[in-house]
Amino acid sequence: MNADTAVLCGLGTWLPPHAVTNDDLARELDTSDDWIRSRTGIGTRYVAAPSTATSDLAVEAGRRALKSAGFESVDAVVLATTTPDHPCPATAPLVATQLGLGTVAAFDVGAVCTGFLYALAVGAGLIAAGTAGSVLVIGADMYSSILDPADRSTRAIFGDGAGAVVLRSGGADEPGALGTPVLGSDGTGSDLITIRSGGSREPLGTIGAGHPDPYFRMAGKAVFRNAVERMADASLTAARRVGWAADDIDRLVAHQANLRILHAVADRMRLPRHRCPVHLDQVGNTAAASIPLALSHAVTTGRLAPGHRTLLTAFGGGLTWGACAVRWPTITPV
Amino acid sequence: MTSTYDRLVGLLAKSFGIEADEVAPANTFEDLELDSLALVELTLAAQEEFGITLTDDDLHAKSSLTEAAEVLDAKQVTV
């Protein structure tokens with residue numbers, strides 16, 4: 001039997017303990033619970049303590065995913081994040097060490113909110129190539145460290161969090177086997193989701209560089225439309241790759257960007273909206289962590305069950321997008 | 001055959017719960033309190049309804065429903 005397919009066999013998540021409600025934000029910014037809910041569907045998000053770094057969140061989620069899988073070791077760690085502990089080096093090696101995984105391969109993947117999907121595809125590729133027999137794929141982001149404190153639109157949307165899955169080599173017919181991932185990008189939209197300053201194009205501290213902007217910015221309207229079209233189309237392509245028609249899709253677990261985006265994606269795919277689990281109302285948009293967090297929530301609330309023909313899809317800065325099919329396995333999220 | 005204007009009013013009802021008797025041809029989307037995201041949602045819904053491709057600027061806040069119906073008509077002719 002071939003054992004070069006990646007099989008999802010563990011799921012773990014972590015949220016920092018401090019919840020920030022819409023009313024909390026309204027005390028500080030010109031906004032309101034109504035304004036935020038009607039535009040985004042978000043009610044609460046979690047914010048890490050200032051002494052925390054992305055690796056701390058990633059380690060917690062990674063430890064839980066390993067426990068969920070019953071694994072003590074893996075051959076590689078792939079971490080998706082937009083908020084690494086430092087610009088250099090990558091955060092994944094430190095995470096691997098803190099998880100007691102020794103000298104395994106470990107690196108970061110940068111695809112903003114699509115990061116988890118890209119990391120999942122890379123992890124599946126390591127397994128298909130025979131480089132690794134098992135991979136810990138983590139999505140962890142701490143957007144609280146890159147948001148403009150005065151920007152009510154991004155502060156209402158983003159929350160901190162981490163989620164992880166364990167992939168192992170197996171057969172294509174097993175529950176949890178990943179379909180062939182669909183990935184895409186479009187650099188013509190590279191200015192829609194940005195942190196302008198602090199990279200090689202505009203290093204911080206350069207004399208005469210004008211006004212540096214070290215904060216995360218997003219052009220909401222253009223992003224909205226791109227997100228809907230790209231996620232819906234990538235999802236249908238990923239479904240076709242495993243032989244599913246649109247109506248065969250039991251659950252579409254999409255990047256939790258905005259409730260209105262989730263609804264528009266479902267509408268474009270002609271999928272009943274209730275097949276798209278919603279988690280953003282409780283945690284906001286957690287960027288690379290959103291899909292594992294939404295999966296865990298859907299399983300523990302009974303909305304996602306073993307055997308469900310499930311599609312994962314995401315869209316993010318770059319622009320980037322992706323989708324992947326999986327028949328949901330019997331696993332217990334930790 | 002249902003006119004483009006009537007189909008547009010139907011989309012407003014379906015997508016945003018704005019009933020036909022609440023709107024007039026001279027109303028702009030702004031009058032109907034559609035925010036910028038709602039205009040994107042309407043753009044996506046209109047593409048599906050009419051089988052056309054719209055740019056981000058085809059439907060804007062200051063468009064009246066009559067003007068928007070003309071834009072949709074023009075797109076259908078050129079397809």
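This is a predicted model: local features need pLDDT of at least 70, side-chain atom pairs count only at pLDDT 80 or more; totals for chains, interfaces and linings use all residues.
Trainee: What should I know before reading the model?

Mentor: Residues are numbered from 1 along each chain as its sequence is written, and chains are lettered from A in the order in which they are written. Local features need pLDDT of at least 70, side-chain atom pairs count only at pLDDT 80 or more, and totals for chains, interfaces and linings use all residues.

Trainee: How many residues of strand β13 of chain A are buried?

Mentor: A residue is buried if 20 or more other C-beta atoms, placed from the backbone, lie within 10 Å of its own. Strands are DSSP runs of E, at least two residues, numbered from the N terminus. In β13(A) (residues 320-327), eight of the eight residues are buried, so the strand is largely enclosed by the rest of the structure.

Trainee: Which residues lie on each side of β13(A)?

Mentor: In a regular strand the side chains alternate between the two faces of the sheet. Here Thr320(A), Gly322(A), Cys324(A) and Val326(A) are on one side, with Trp321(A), Ala323(A), Ala325(A) and Arg327(A) on the other.

Trainee: Which strand runs antiparallel to β13(A) over eight bridges?

Mentor: Strands pair if DSSP finds at least two bridges between them. That partner is β12(A), residues 309-316, and Arg309(A) is bridged to Arg327(A). The two form a hairpin with three residues between them. Strand β8(A), residues 182-185, is also antiparallel to β13(A), with four bridges.

Trainee: Where are the domain bounds of chain A?

Mentor: Bounds come from an automatic or database domain assignment: domain 1 is 5-170 and domain 2 is 182-327. Their C-alpha centres are 14 Å apart.

Methods:
A residue is buried if 20 or more other C-beta atoms lie within 10 Å of its own, exposed if 12 or fewer, and partly exposed in between; C-beta atoms are placed from the backbone.
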